[in-house]
Amino acid sequence: MLSLRGSSRSSAIFKPLLAFQRKPLLISTRKLSRSSPRRNLCFSLKPSDRNGLASASSTSETYVLDDTPMSGMEDVLVSYIYGKKRATEVAHLVWKHVVKKGDTVIDATCGNGYDTLALLKMVSDELGRGCVYAMDIQKDAIVNTNSLLEESVNANERDLVKLLPICHSELDKVVPEKASVRLVAFNLGFLPGGDKAIITKPETTLLALEAAKETVMPGGLISLVVYVGHPGGWQEWETIQAFASGLPVDEWVCRKFQILNKPWAPMPVFLFKR
């Protein structure tokens, strides 16, 4: 668990980070002075077991982890904490700290194509390098993504996207074995505007995560936006949490963001491969 406390001392610079927990997150706040030039947020972290799950620290010692792309994103994270940014916006901003021009990335659930388009803009360069593998099991998702790309990018950029009508659990079967994949992104649940009875499921998502774990390169990221408000969504989330909690702490850094008094809100989850 994590504790959050405010500080009015402008000389202190703290970097907020969230971690996977077995128990609900407890957050305490202290009103800041009106004269304070800025808000500083401090998260106290203390590993509680060999999997690196965080627990509340009863001491004043503060642990700041700088070995993930979350470093330097304090303003983004605070905006999410205060409800100023959506889960998908946070995900896109984190991607920008990871993805480089010319990279190969995977959109494992392309949906209506907005994540695919965002990733294409991040990886494409003036030399025509970069590659986005975008997949979805629904024909409508492939059609919608293709339409968005056709109206948003030029022909050279469009050629950098490989649209695949397959389940995300098969992502390792379409990406070349020696490809250096920087990012695998999941936007789970159902297709917005589509049939809400067709959803991503725990068993196939687990297979996809296992494949992504082996596919993503060191220094890369598995990113998920998890939706729990529909039937089956919470079970899928429990599967994801169990998978992430079991990753070795010396090889992975895992973070989740959750709104405690809005438990059905989408959750951004980031699994950084060291």
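Ala, Val, Leu, Ile, Met, Phe, Trp, Tyr, Cys and Pro count here as nonpolar, Asp, Glu, Lys and Arg as charged, and the others, Gly among them, as polar. By that scheme, the lining of the largest pocket divides into 12 nonpolar, 13 polar and three charged residues.

This is a predicted model: local features need pLDDT of at least 70, side-chain atom pairs count only at pLDDT 80 or more, and totals for chains, interfaces and linings use all residues. Residues are numbered from 1 along each chain as its sequence is written, and side-chain values use heavy atoms, with hydrogens and water left out.

**The pocket**

The largest pocket holds about 600 Å³ of space. Its lining comprises 28 residues. Nearest the centre lie Gly111, Asn187, Leu188, Phe190 and Pro192. α2 (87–98) and α3 (114–123) each supply at least two lining residues. Helices (H or I, at least four residues) and strands (E, at least two) are DSSP runs, numbered from the N terminus. A pocket is an open set of points on a 1 Å grid over the protein atoms alone, with protein on both sides within 12 Å along at least five of seven lines; lining residues have an atom within 4 Å of a point.

Buried means under 20% relative accessible area (1.4 Å probe, protein chains only). Contact means heavy atoms within 4.5 Å.

| Residue | Loop | Relative accessible area |
|---|---|---|
| Thr109 | between β5 and α3 | 9% |
| Gln138 | between β6 (131–135) and α4 (139–152) | 13% |

Not counting residues up to four places away in sequence, Gln138 touches Leu191 and Ile198. With the same exclusion, Thr109 touches Met135, Asp136, His168, Ala185, Phe186, Asn187, Leu188 and Thr200. Thr109 and Met135 are 26 residues apart in sequence, yet 5.7 Å apart C-alpha to C-alpha.

**Helix α6**

α6 (residues 202–215) has 14 residues. From first C-alpha to last it reaches 20 Å, close to the 20 Å expected at 1.5 Å a residue; that expected span is 1.5 Å times one less than the number of residues. Its buried residues are Pro202, Thr205, Ala208, Leu209, Ala211, Ala212 and Thr215. They pack against β5 (104–107), β8 (181–187), β9 (216–226) and α7 (233–245).

**Nonpolar cores**

A nonpolar core is a set of buried Ala, Val, Leu, Ile, Met, Phe, Trp, Tyr and Cys residues joined through side-chain atoms within 4.5 Å. The largest has 36 residues; Trp95, Leu221 and Phe270 touch the most other members. Apart from it lies another core, of 32 residues, among them Ala108, Ala212, Val226 and Ala244.

Terms used:
Buried means under 20% relative accessible area, exposed over 50%, partly exposed in between (1.4 Å probe, protein chains only). On a 1 Å grid over the protein atoms alone, a cavity is a set of points where a 1.4 Å probe fits but cannot get out, and a pocket is an open set with protein on both sides within 12 Å along at least five of seven lines; lining residues have an atom within 4 Å of a point. Grid points are joined across faces, edges and corners, and a volume is the space filled by probe spheres set on the points.
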